[in-house]
Amino acid sequence: MDDASADVRASFRNTEKYDVDDAPPHFEEVSIRLDVASPAPADQVHKLVRHAERACHAAQSLRQPVPVELEARHNGTPLTEV
């Protein structure tokens with residue numbers, strides 16, 4: 001492989017921040033464009049790209065919602081409300 005670059009773009013709904021509505025902030029779409037420069041045959045590069053996508057924790061986590069828990073502390077003492 002001679003070179004590879006990724007262009008990652010996303011649209012993000014953040015209307016609650018501006019008091020437009022009460023919809024929680026969230027990504028609406030994420031797109032990734034991967035450009036690979038390589039003397040390898042296209043089928044080998046395709047296999048590498050598929051493997052990289054399956055191994056990408058960020059991309060897989062965005063596809064499957066997961067619970068998120070926040071525990072906040074102030075000077076070592078838990079904050080009861082965040």
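**View 1. Leu62 in helix H2 of the predicted model.** Leu62 is a residue of helix H2, shown here as part of a predicted model. Beyond its neighbours within four places in sequence, Leu62 is in contact with Phe27 and Val30. Between Leu62 and Phe27 there are 8.8 Å in space, C-alpha to C-alpha, although the two are 35 residues apart in sequence.

**View 2. The largest pocket and its lining.** The space in this pocket amounts to about 580 Å³. Strand S2 (26-37), helix H1 (42-55) and helix H2 (57-63) are the elements that each contribute two or more residues to the lining. The largest share, eight residues, is supplied by S2. In total, 22 residues line the pocket, and those nearest its centre are Val30, Ile32, Ala58, Ala59 and Leu62. Sorted by class, the lining consists of 14 nonpolar, three polar and five charged residues.

**View 3. The protein chain as a whole.** Two helices and four strands make up the secondary structure elements of the chain, and along the sequence they follow the pattern β-β-α-α-β-β. The chain is more spread out than a compact globule, because its radius of gyration is 19 Å, well over the 12 Å that the globule rule gives for 82 residues. Along the principal axes, the C-alpha atoms fill a box of roughly 55 × 35 × 20 Å.

**View 4. Surface and contacts of the protein chain.** Of the 82 residues, 5% are buried. The accessible surface is about 7,500 Å², and carbon and sulfur atoms account for 53% of it. Among contacts with a separation of 6 or more, 37% join residues 24 or more positions apart.

Technical notes. Residues numbered from 1 in each chain as written. Predicted model: local features only at pLDDT ≥ 70, side-chain atom pairs only at ≥ 80, totals over all residues. Heavy atoms only, no water. 1 Å grid on protein atoms, 1.4 Å probe; cavity = no way out; pocket = protein on both sides within 12 Å on 5 of 7 lines; lining within 4 Å. Points joined across faces, edges and corners; volume = space filled by probe spheres on them. Nonpolar A, V, L, I, M, F, W, Y, C, P; charged D, E, K, R; others polar. Contact = heavy atoms within 4.5 Å. Rg over C-alpha atoms; globule rule 2.2 N^0.38 Å. Buried < 20%, exposed > 50% of the residue type's maximum accessible area, 1.4 Å probe, protein only. Areas by Shrake-Rupley, 256 points an atom, 1.4 Å probe, with all protein chains shown as cover.
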